[in-house]
Amino acid sequence: MKFNKQVWTLGIAVISIIVFNSNYSQVLSNENPVLNSDNNESNTMKKTDAEWKQILSQEEYRILRSKGTERAFTGEFDGHFEEGMYICAGCANNLFESGTKYRSGCGWPAFYEALPESVEETKDNTFGMNRIEITCSKCESHLGHVFNDGPDPTGLRYCINSVSMDFKPDEKK
Ligand code: FE
């Protein structure tokens, strides 16, 4: 009787362990919706250097991926004032609305405001200057710099390479 009770107890213990383990491994193997969320990744576009070289022209690669600058007063959007959206030349991320573009006279397209979350700011101390570099928040391509000498309402001047952008005109209604 005593032996039977021990066997019975042991049996229950073994079954409990098996059930617990199978549930536990199921939990582990399931995609955890929080931990494995790719929400952060879905808004970004990462490419290898070789991939960028394939899809960009030499000049685009020099500016977007090597942080180059186009010559002043040469860019196609410097004197461009149509209504629409300026988008990233690397990934088509919406960057600047035409309504925020103004004539700064600096030789590059200038905007007083970027679309929310569209760009990232990074300190840039190259060439002996203290500037703030602007990159695309989605593909990290170099766009230009932002300065504090812009007009109202922000006082900012986003000085952006034409090469870094494409233009999407507003649809005529
Ligand atoms: Fe981009």
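Which residues have the most contacts inside the largest nonpolar core? They are Leu 95, Phe 111, Tyr 158, Ile 160 and Met 165, in a core of 24 residues. This is a predicted model: local features need pLDDT of at least 70, side-chain atom pairs count only at pLDDT 80 or more, and totals for chains, interfaces and linings use all residues. Residues are numbered from 1 along each chain as its sequence is written.

**The core**

- A nonpolar core is a set of buried Ala, Val, Leu, Ile, Met, Phe, Trp, Tyr and Cys residues joined through C-beta atoms within 7 Å.
- Buried means that 20 or more other C-beta atoms lie within 10 Å of a residue's own; exposed means 12 or fewer, partly exposed is in between, and C-beta atoms are placed from the backbone.
- At least two core residues come from each of α4 (58-65), β1, β2, β4, β6 (131-136), β7 (142-147) and β8 (157-160).
- Helices (H or I, at least four residues) and strands (E, at least two) are DSSP runs, numbered from the N terminus.
- In soluble globular proteins, nonpolar side chains tend to be buried together.

**The three-strand sheet**

- Its strands follow the order β2-β1-β9, the sheet is open, and pairing is antiparallel. Two strands pair if DSSP finds at least two bridges between them.
- β2 (94-97) and β9 (165-169) are the edges; each has a single partner strand, so one side of each lacks a neighbour in the sheet.
- From one strand to the next, the twist averages 30°. Axes are lines fitted to C-alpha atoms, for helices over the stretch in contact, and angles run from 0 to 180 degrees between N-to-C directions.
- β1 (residues 84-88) and β2 run antiparallel and share three bridges. Tyr 86 has Phe 96 in β2 as its bridge partner.

- Ile 87 lies in strand β1. It is buried because it has 20 C-beta neighbours inside 10 Å.
- Ile 87 and Lys 168 are 81 residues apart along the chain, yet their C-alpha atoms are separated by 7.2 Å.
- Beyond four places in sequence, Ile 87 touches residues including Ala 92, Leu 95 and Met 165. Contact means C-beta atoms, placed from the backbone, within 7 Å.
- Met 165, with the same exclusion of neighbours within four places, contacts Phe 77, Tyr 86, Ile 87, Cys 88, Ala 89, Leu 95 and Ile 160.

**The six-strand sheet**

- This open sheet has the order β3-β4-β8-β7-β6-β5, with antiparallel pairing.
- β3 (101-102) and β5 (119-124) are its edge strands, and each pairs on one side only.
- Two bridges join β3 to β4 (residues 110-111). Lys 101 stands opposite Phe 111 in β4.

Conventions:
Two residues are in contact if their C-beta atoms, placed from the backbone, lie within 7 Å.
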